[in-house]
Amino acid sequence: MDLGTRPRSTAPVLSRLSAGIQVRNQLLVEEWAAIVEWAGDHVVTGPEGAATITDGYLDTGVPIAGAGAPLVSEFALMELVAVLGRTPDGGKAYVGRVIECAWRLPNVYEAVVVGRLAPWRAERIADLTRGLSGEAAGFVDRQLWNASGVGWAQLERLV
């Protein structure tokens with residue numbers, strides 16, 4: 001019995017979704033580049049690089065990425081987090097993952113920039129390497145920069 005219905009092709013919808021994901025990833029890459037530039041401008045190497053004491057508070061460098069990544073100004077970080085529209089804790093974690101990739105996982109970071117690795121995978125790798133030594137993070141970076149087909153659990157096992 002023909003009810004006058006025909007299956008609709010989902011190809012246009014899927015194409016539109018795919019294009020949107022590509023645009024979203026490109027915007028994330030641009031955001032990451034801006035965060036890395038920002039971090040380079042807000043590195044705190046010691047008390048001389050910290051802001052002055054204001055109302056009893058001292059701006060210090062915050063370790064939001066692993067050993068060897070720069071400490072960034074805590075006051076400036078809160079300003080960046082607000083601009084990003086994130087909560088203080090979530091924003092610190094996010095910026096920390098980007099800094100982890102840029103400074104300690106340069107191959108992973110480059111793979112994101114050129115579109116070989118999804119930003120979410122790079123963020124997961126950064127989460128897993130934050131507690132590792134610089135040498136161990138470097139090893140992971142050399143092994144997992146092309147982890148495009150690797151899922152969450154497998155990434156965890158590999159690290």
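The following legends describe close-up views of a predicted model.

**Figure 1. Overall architecture of the chain.** The predicted chain contains seven helices and two strands. Their order along the sequence is α-β-β-α-α-α-α-α-α. Of the 159 residues in the chain, 35% are buried. When contacts between residues at least 6 apart in sequence are considered, 66% of them join residues at least 24 apart.

**Figure 2. Packing of helix 1 against helix 5.** This view shows helix 1, residues 11-41, with helix 5, residues 119-129. Two packed helices are described by the angle between their axes and the distance between the axes. For helix 1 and helix 5, the angle is about 45° and the axes lie 10 Å apart. The two helices are therefore oblique to each other. On the helix 1 side, the contact involves Asn 25, Leu 28 and Trp 32. These residues meet Pro 119, Ala 122 and Glu 123 of helix 5. By class, the residues of this contact comprise four nonpolar, one polar and one charged.

**Figure 3. Surroundings of Glu 123.** Glu 123 is located in helix 5. With a relative accessible area of 14%, Glu 123 falls under the 20% limit and is therefore classed as buried. Apart from neighbours within four places in sequence, Glu 123 is in contact with Trp 32, Tyr 94 and Arg 97. Trp 32 belongs to helix 1 and takes part in the contact of that helix with helix 5. Arg 97 is a salt-bridge partner of Glu 123, and their closest N and O atoms are 2.7 Å apart. This pair links distant parts of the chain, with Arg 97 in helix 3 and Glu 123 in helix 5, 26 residues apart.

Figure 4. Three salt bridges are found in a search of the whole structure. Arg 97 pairs with Glu 123 at 2.7 Å between the closest N and O atoms. Arg 97 also forms a salt bridge with Asp 127, at 3.7 Å from N to O. The latter pair again links distant parts of the chain, since Asp 127 lies in helix 5 and Arg 97 in helix 3, 30 residues apart.

Figure 5. The side chains of Arg 104 and Glu 100 meet in a salt bridge with an N to O distance of 2.9 Å. Arg 104 and Glu 100 are four residues apart in helix 3, and are therefore separated by about one helical turn. An α-helix has 3.6 residues a turn, so residues three or four places apart point the same way. Both Arg 104 and Glu 100 are buried. Elsewhere, salt bridges with shared partners join Arg 97, Glu 123 and Asp 127 into one network.

**Figure 6. Buried and exposed faces of helix 2.** Helix 2 spans residues 74-84, and its buried residues are Ala 76, Leu 77, Leu 80 and Val 81. They lie on the same side of helix 2 because they cover an arc of only 140° around the axis. The exposed residues Glu 79 and Ala 82 are carried by the face turned away from this buried side. The elements covering the buried residues of helix 2 include helix 1, strand 2 (72-73) and helix 3. Gly 85 follows helix 2 and has a positive phi, near 70°.

**Figure 7. Buried face of helix 6.** Helix 6 comprises residues 134-144, of which Ala 137, Gly 138, Val 140, Asp 141 and Leu 144 are buried. Their arc around the axis is only 160°, which means that they sit on the same side of helix 6. Among the elements that cover these buried residues are helix 3 (88-104), helix 4 (106-113), helix 5 and helix 7 (152-158).

Notes
Residues are numbered from 1 along each chain as its sequence is written. This is a predicted model: local features need pLDDT of at least 70, side-chain atom pairs count only at pLDDT 80 or more; totals for chains, interfaces and linings use all residues. Side-chain values use heavy atoms; hydrogens and water are left out. Axes are lines fitted to C-alpha atoms, for helices over the stretch in contact, and angles run from 0 to 180 degrees between N-to-C directions. Angles under 35 degrees count as roughly parallel, over 145 as roughly antiparallel, 65 to 115 as roughly perpendicular and the rest as oblique. Contact means heavy atoms within 4.5 Å. Ala, Val, Leu, Ile, Met, Phe, Trp, Tyr, Cys and Pro count as nonpolar, Asp, Glu, Lys and Arg as charged, and the others, Gly among them, as polar. Buried means under 20% relative accessible area, exposed over 50%, partly exposed in between (1.4 Å probe, protein chains only). The arc is that of the directions from the helix axis to the C-beta atoms. A salt bridge is a side-chain nitrogen of Lys or Arg within 4 Å of a carboxyl oxygen of Asp or Glu.
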